[in-house]
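Please have a look at the sequence and the structure first.

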Amino acid sequence: MTLNRRTLLASAGALAVPTAVFAQAKAEFTLKYANNLPLTHPMNQRANEMAAKINAESKGRIDFKVFPNGQLGTDTDMLSQIRSGAIEFFTLSPLILGTLVPSAQISGVGFAFKDYNQVWAAMDGDLGAHVRKEIAGKSAMFAFEKIWDNGYRQMTSSSAAITKPDDLKGMKMRVPPSPFWVSMFKAFEASPATINFAEVYTALQTKVVDGQENPLAIIATAKLNEVQKYCSLTNHMWDGFWFLGIKKAFERLPADLQEIVTRKVNAAGLLQRDDVRKLNDGLVADLKAKGMLFNTTDAEVFRAKLRSAGFYAEWHKKFGDEAWALLEKYTGKLV
Ligand code: X2X
């Protein structure tokens, strides 16, 4: 048998080449969506499903592509490349967005939302509307209406269980790149280091930092339990992911395609919220079985520490009375 170009095409290449050419030739708009989470996290599972639905409903006019796991850069890179045309969409914690839109950080106030009912009422209600208006007004981006879930954050450590605020004293703690996170862990008298998520596993493994904080769904899907021994169930803040679009790029789409993308992003967000909650609920047992040691904590003691450090007063002042009132409308009086 002679292997020439034609037989190669007929065998190995026959399936791959024509599909790729077909997709490229047909799609009028290639839309790139990037995020910082592992492929196995519900965010990416729902995003991939959503991408297929967008492509199908647009009848191939859109080629919506998902780039997980920081493939197109860290959160900080993505924020600084908004105008470069490298991506059209990304998901970002409201707190990391705080480097650009400080008022967006208000949903991260420590121990604010008592449960998910309060979270979604606020974020789908007036607090979320306020933040989305700020994002659209103060950046080149806009946020889709339904924020996606990250979850309630828990603290982990390689050296000792964190049972009380004193255990955080002087502890080298990784926090995401955000003024609010640094401020909160300074209030706990820890020694916070801002590190992008892409570098967290290695930073923990090489003991550049002793600990980090993230929801269980991230601890599990990013396998942080391999490099962290203790998990303290602190629930110290709820965190989400605004699904952000670059305004200029989105405005290039015809109205009917904008409508498809908007509807699918919001619908996928609602499904993803359910997935994350369910995943988080089952993970204590899973991670215990993998050797992680868990402890519960008294939220009131941690909250009192933040209060006495002046944390709530400082951020109330920064966000302003009006925004603070929008938060307390859903959480009740915070201090
Ligand atoms: O960087 C983190 O810790 C993560 C993945 O939770 C966020 O995107 C805020």
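The second largest cavity is lined by Val109, Phe111, Ala112, Phe113, Tyr152, Asn235, His236, Met237 and Trp238. Here a cavity is a set of points, on a 1 Å grid over the protein atoms alone, where a 1.4 Å probe fits but cannot get out, and lining residues have an atom within 4 Å of a point. The lining of this second largest cavity divides into seven nonpolar, two polar and no charged residues. In this count Ala, Val, Leu, Ile, Met, Phe, Trp, Tyr, Cys and Pro are nonpolar, Asp, Glu, Lys and Arg are charged, and the others, Gly among them, are polar.

A word on the basis: this is a predicted model, in which local features need pLDDT of at least 70 and side-chain atom pairs count only at pLDDT 80 or more, while totals for chains, interfaces and linings use all residues. Residues are numbered from 1 along each chain as its sequence is written, and side-chain values use heavy atoms, with hydrogens and water left out.

The structure holds two cavities of 30 Å³ or more. Of the 15 residues that line the largest cavity, Asn36, Ile96, Asn150, Arg153 and Asn214 are the closest to its centre. The table gives the volumes, each being the space filled by probe spheres set on grid points that are joined across faces, edges and corners.

| Cavity | Volume |
|---|---|
| Largest cavity | about 110 Å³ |
| Second largest cavity | about 30 Å³ |

Where does the ligand sit? The ligand is in the largest cavity, where sitting requires more than half of its atoms to lie within 2 Å of the grid points. Of the 14 residues around the ligand, Asn36, Asn150, Arg153, Arg174 and Asn214 come nearest; a residue counts as near if one of its heavy atoms lies within 4 Å. By class, this shell has seven nonpolar, four polar and three charged residues.

The protein covers 100% of the 270 Å² of accessible area that the ligand has on its own, as computed by the Shrake-Rupley method with a 1.4 Å probe.

How values were computed
On a 1 Å grid over the protein atoms alone, a cavity is a set of points where a 1.4 Å probe fits but cannot get out, and a pocket is an open set with protein on both sides within 12 Å along at least five of seven lines; lining residues have an atom within 4 Å of a point.
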